[in-house]
Amino acid sequence: MIDFYSESSVRRIRGEKDLQKIRYPSEREFARLLLTKNPHLIIIYEPQRFEYTFDDGKTKATLPDFLIINPRNSNQPIYVEITLSKRGILYDAKQRQKDVMAKAAPHLRYVVLYYEHLQKMRRKNTDFNPS
């Protein structure tokens, strides 16, 4: 596992003060829900940039919103991207990020939470408001 704690730029989310530094309300509410429901989790905001140079010579990059580590199972960290975009049949707004992650770090778990996922979380947890 990568040691993120040695980097000075790491933004670990521990409480309300850290939550206020998160740029977008949907990301903030997601992190707040995780902290409330699973306080043992280690949550790092915008942990690491991933880059990949494709065959055409173009380099693409992505910066996942979160890295979530369960100290009880630290072998399975999860990178999470939050989006309020709705996933379409013909178009996926996060496909480029998925492609970059699949090429740059195929051994890592990467999840995109779309609008419908956030709405489902909202229905299950009335205190969750990803607007």
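## A tour of the aromatic cluster and its surroundings

Start by selecting Tyr45 and Phe66: both residues are buried. Keep in mind that you are looking at a predicted model.

Stop 1: Show the side chains and look at the two rings. Ring pairs are described by the distance between centres and the angle between planes. Now colour by secondary structure.

Stop 2: Across the whole structure, a search turns up four aromatic pairs. One of them is Phe30 with Phe66, a tilted pair with 5.5 Å from centre to centre and 50 degrees between the planes. This pair, too, links distant parts of the chain: Phe30 belongs to helix H2 (residues 25–37), Phe66 to strand S5 (residues 66–69), and 36 residues separate them. Phe30 is buried, as is Phe66. With Phe30, Tyr45 and Phe66 all displayed, you have a cluster linked by ring pairs.

**Stop 3: step back to the core.** Which residues touch the most other members of the largest nonpolar core? Select Ile13, Phe30 and Phe66: among the 18 residues of that core, these three do. Next, highlight H2, S2, S5, strand S6 (78–82) and helix H4 (115–124), each of which supplies at least two core residues. H2 gives the largest share, with five residues. For a second, separate core, select Tyr79, Ala105, Tyr110 and Tyr114, which are among its 13 residues. In soluble globular proteins, nonpolar side chains tend to be buried together.

**Stop 4: Glu81.** Move to strand S6 and pick out Glu81. Is Glu81 buried or exposed? Its relative accessibility is 5%, so Glu81 counts as buried; the cut-off is under 20%. Now bring up Lys94: its side chain makes a polar contact with the side chain of Glu81, at 3.0 Å. To see the rest of the surroundings, leave aside residues up to four places away in sequence; Glu81 then touches Leu63, Pro64, Asp65, Lys94, Tyr110, Val111, Val112 and Leu113. Tyr110 in that list is a residue you have already selected, as part of the second core.

Terms used: Residues are numbered from 1 along each chain as its sequence is written. This is a predicted model: local features need pLDDT of at least 70, side-chain atom pairs count only at pLDDT 80 or more; totals for chains, interfaces and linings use all residues. Side-chain values use heavy atoms; hydrogens and water are left out. Rings of Phe, Tyr and Trp (its six-membered ring) pair if their centres lie within 6.5 Å; planes under 30 degrees apart count as stacked, over 60 as edge-to-face and the rest as tilted. Helices (H or I, at least four residues) and strands (E, at least two) are DSSP runs, numbered from the N terminus. Buried means under 20% relative accessible area, exposed over 50%, partly exposed in between (1.4 Å probe, protein chains only). A nonpolar core is a set of buried Ala, Val, Leu, Ile, Met, Phe, Trp, Tyr and Cys residues joined through side-chain atoms within 4.5 Å. A polar contact is a pair of N or O atoms within 3.5 Å; within protein, one must be able to donate a hydrogen and the other to accept it, and residues adjacent in sequence count only if both atoms are side-chain atoms. Contact means heavy atoms within 4.5 Å.
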